[in-house]
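Let's walk through this structure together, one step at a time. Keep the sequence and the 3D view side by side as you read.

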Amino acid sequence: MGREFIEIFEEWAKDYDESVAGQDPQYAAVFANYEGILNEVTARSTGTVLEFGVGTGNLSEKLLQAGLDVIGIEPSQAMLDIAKEKHPELTVLEGDFLTYPVSDTPVNTIVSTYAFHHLTDDEKAIAVKQFKEILKENGKIVFGDTMFASEIEKQAMIDSAKEKGFSALAEDLQREYYPIIDTLEDIFTTNGFDIEFKQMNHFVWIITAIKNKE
Ligand SMILES: C[S@@+](CC[C@H](N)C(=O)[O-])C[C@H]1O[C@@H](n2cnc3c(N)ncnc32)[C@H](O)[C@@H]1O
């Protein structure tokens with residue numbers, strides 16, 4: 001479950017760092033302020049951090065530089081190999097948002113950037129329920145990802161991509177499970193989190209979800 005897009009990342013891994021640097025015009029707006037997004041997720045993280053979908057390890061690098069203990073989880077072998085090559089000191093384990101080697105280490109923060117939308121909304125709810133179990137008291141989830149204020153806004157972004165001739169972006173926005181903010185809010189609050197949203201570019205928002213006491 002949740003691994004249906006891995007082939008895309010096996011292919012994309014070798015050029016991925018060029019895309020995030022804005023060199024692919026179709027994705028330039030998606031990756032606008034990429035460094036700022038990673039910095040903001042890092043600034044909100046504490047203690048032992050479990051990172052999902054590490055890709056080539058760009059967020060992991062910032063978390064390590066901030067002195068945090070990072071356990072990375074990544075399902076694509078090609079991405080995982082690059083992350084390990086760039087950061088030999090990083091622990092990266094094979095796994096995904098739903099199935100991962102759980103250690104006994106209590107986790108303070110669960111982070112991810114540009115990855116949670118690979119799960120359907122039902123899978124997102126299962127993942128969040130599991131995260132609550134492994135987070136320490138007052139633990140938090142900090143995710144940066146593409147999401148939309150409404151279905152109307154999402155359709156407008158798809159139409160705009162088509163008008164610009166960005167067919168790969170338009171297909172991506174229709175193929176993967178980019179959520180509506182109200183849906184995410186419902187998933188997190190139902191599973192016992194207080195959640196905040198902050199917009200970082202035309203596509204990406206950061207969500208910070210803090211585990212309730214109850
Ligand atoms: C767009 S890349 C983001 C990489 C990195 N987090 C970043 O911000 O640059 C998406 C990553 O999520 C991974 N991924 C895809 N499906 C996943 C899943 N079900 N669980 C965890 N990671 C997944 C991909 O293999 C890829 O490395």
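UniProt, in an unreviewed entry, places the feature "binding site" at Gly 53, Glu 74 and Asp 96. UniProt positions are given here in the numbering of this text, with feature names shortened, and such annotations may be inferred rather than shown by experiment. These three residues span 44 residues in sequence, yet no two of their C-alpha atoms are more than 7.1 Å apart, so they gather at one spot.

Before going further, note that this is a predicted model, in which local features need pLDDT of at least 70, side-chain atom pairs count only at pLDDT 80 or more, and totals for chains, interfaces and linings use all residues. Residues are numbered from 1 along each chain as its sequence is written.

Where does Glu 74 lie? Look in strand E2, residues 69-74; helices (H or I, at least four residues) and strands (E, at least two) are DSSP runs, numbered from the N terminus. Glu 74 counts as buried because it has 29 C-beta neighbours inside 10 Å. The cut-offs are these: a residue is buried with 20 or more other C-beta atoms within 10 Å of its own, exposed with 12 or fewer, and partly exposed in between, with C-beta atoms placed from the backbone. Leaving out residues up to four places away in sequence, Glu 74 touches several others, including Gly 53, Gly 55 and Glu 94. Two residues are in contact if their C-beta atoms, placed from the backbone, lie within 7 Å.

Asp 96 sits in the loop between strand E3 (91-94) and E4. Asp 96 is buried too, with 21 other C-beta atoms within 10 Å. Apart from neighbours within four places in sequence, Asp 96 is in contact with Gly 2, Arg 3, Ile 73 and Pro 75.

Now turn to the ligand. How many residues surround the ligand? There are 23, and the closest are Gly 2, Gly 53, Gly 55, Asp 96 and Thr 113. Helix H1 (6-12) and helix H4 (58-65) are the elements that give two or more residues to this shell. A residue is near a molecule or strand if its C-beta atom, placed from the backbone, lies within 6 Å of it. By class, the shell has 13 nonpolar, seven polar and three charged residues. Here Ala, Val, Leu, Ile, Met, Phe, Trp, Tyr, Cys and Pro count as nonpolar, Asp, Glu, Lys and Arg as charged, and the others, Gly among them, as polar.

Next, some backbone angles. Most residues other than glycine have a negative phi. Tyr 114, however, has a phi near 55°, a positive value. Tyr 114 lies in the loop between strand E4 (107-113) and helix H6 (121-134), and counts as buried, with 22 C-beta neighbours inside 10 Å. Asn 138 has a positive phi as well, near 65°. Asn 138 belongs to strand E5, residues 135-146, and is exposed, with 11 other C-beta atoms within 10 Å.

Finally, step back to the whole protein. The protein has nine helices and seven strands. Its radius of gyration, taken over C-alpha atoms, is 16 Å, close to the 17 Å that the globule rule gives for 214 residues, so the protein is as compact as a globular protein of that length. That rule is 2.2 Å times the number of residues to the power 0.38. The mean pLDDT, the predictor's confidence in each residue from 0 to 100, is 96 for the protein, and 99% of its residues reach 70 or more.
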